Amino acid sequence: MPASTATAKKSAAPHRMQGALFLPIGDEGRAELVERRLSEAITGGHLRAGERLPAEQDLARTLGVAPVTVREALGVLRERGLIVTRRGRNGGSFVAEGADPLIFARQAVQSSSRLALRDLGAHYAAITVGAVRLAARRADPAEATALVTRIDRAEESDLGAWRRTLDDVQVELVALSQSARLTREQMKLQSELSPYLRLIDGDPQSRLVLRSHLRDAAVAVSEGDATAAGTAIEEFVTRAVHDLVVMQSEI
């Protein structure tokens, strides 16, 4: 089997963070909003190079917009070089091979102020800390323990897969709060923060520290310790923001 075919089959399986991409847009379904959501998924690495996007009709239905709106958004993405469209039996719209999320993330960090980075961290912490505390009170301990196992088994050989796994674990940890609203908000926040975390993952020490904090949060939820769960997430955010500020000064 050709390597490209094997890669395509391997990437066909959806992961949890892609759920944020396909939440309905609703009444504000303008082309620029569709374009923004898709571009954020691409630049954040949630849609990977070479990955096929759903058909226009399917995108229109899941996003709650007209097909012509999706078509217009895809045209803008093609002009930006984020997607390519192929005709024929196996055609469709695909994420461009040159769409490297790390490049986009570096540009985003470079163009952000320290205040903006800290504000992003504050927003993330405000939602996530409250959610994991609630999860510690409501979760089935066995489900939280399963997340600890997923963290322990995460492979560092593929940092893209590593980040997707930890992002999904974070969302699933919040989902244990049994709050649909908090889970939807976490999915949006995780999608926004994930590109920055990908940059941090490039440093082995920072990568392991962040995993340790996330693991501590999952363990605390499994033990029903709301205080420890919240503290672990606060430490996660503090370290992430610190690393981003340091990185910004070095770019």
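Two residues are in contact here when heavy atoms of theirs lie within 4.5 Å. With that in hand, let's walk through the chain. What you're looking at is a predicted model, in which local features need pLDDT of at least 70 and side-chain atom pairs count only at pLDDT 80 or more, while totals for chains, interfaces and linings use all residues. Residues are numbered from 1 along each chain as its sequence is written, and side-chain values use heavy atoms, with hydrogens and water left out.

Start with S222, which sits in helix α11 (helices are DSSP runs of H or I with at least four residues, strands are runs of E with at least two, and numbering goes from the N terminus). Setting aside neighbours within four places in sequence, S222 has P141, A144 and T145 as its contacts. The C-alpha atoms of S222 and P141 are 4.3 Å apart, though 81 residues separate the two along the chain. S222 has a relative accessibility of 17%, so it counts as buried; the cut-offs are under 20% relative accessible area for buried, over 50% for exposed, and partly exposed in between, using a 1.4 Å probe and protein chains only.

Now step back to the whole chain. It has 12 helices and 2 strands, and the order from the N terminus is α-α-α-α-α-β-β-α-α-α-α-α-α-α. Of its 251 residues, 47% are buried. Among contacts with a separation of 6 or more, 74% join residues 24 or more positions apart. The exposed surface comes to about 12,500 Å², with carbon and sulfur atoms supplying 50% of that; the areas come from the Shrake-Rupley method with a 1.4 Å probe, and for residues only the protein chains shown count as cover.

What about the inside? In soluble globular proteins, nonpolar side chains tend to be buried together. A nonpolar core here is a set of buried Ala, Val, Leu, Ile, Met, Phe, Trp, Tyr and Cys residues joined through side-chain atoms within 4.5 Å. The largest one has 47 residues, and L173, L176 and V221 touch the most other members. Helices α6 (101-111), α7 (114-138), α8 (141-153), α9 (159-175), α10 (180-201), α11 (204-222) and α12 (226-250) each put at least two residues into this core, and α12 gives the most, with 11. Take L176: beyond its neighbours within four places in sequence, it contacts A135, R138, A139, E143, A144, L147 and V221. Another core lies apart from this one, with 18 residues, including L38, A41, I83 and V95.

Next, look at how α10 meets α11. Their axes come within 7 Å and cross at roughly 125°; axes are lines fitted to C-alpha atoms, for helices over the stretch in contact, and angles run from 0 to 180 degrees between N-to-C directions. The two helices are therefore oblique to each other, given that under 35 degrees counts as roughly parallel, over 145 as roughly antiparallel, 65 to 115 as roughly perpendicular and the rest as oblique. On the α10 side L197, I200 and D201 meet S206, R207 and L210 of α11.

Two more spots deserve a glance. I103, in helix α6, is partly exposed at 41% relative accessible area, and its C-alpha lies 9.3 Å from that of L199, 96 residues away in sequence. Most residues other than glycine have a negative phi. Yet Q178, not a glycine, has a positive phi of about 65°. Q178 belongs to the loop between α9 and α10 and counts as exposed, at 55% relative accessibility.
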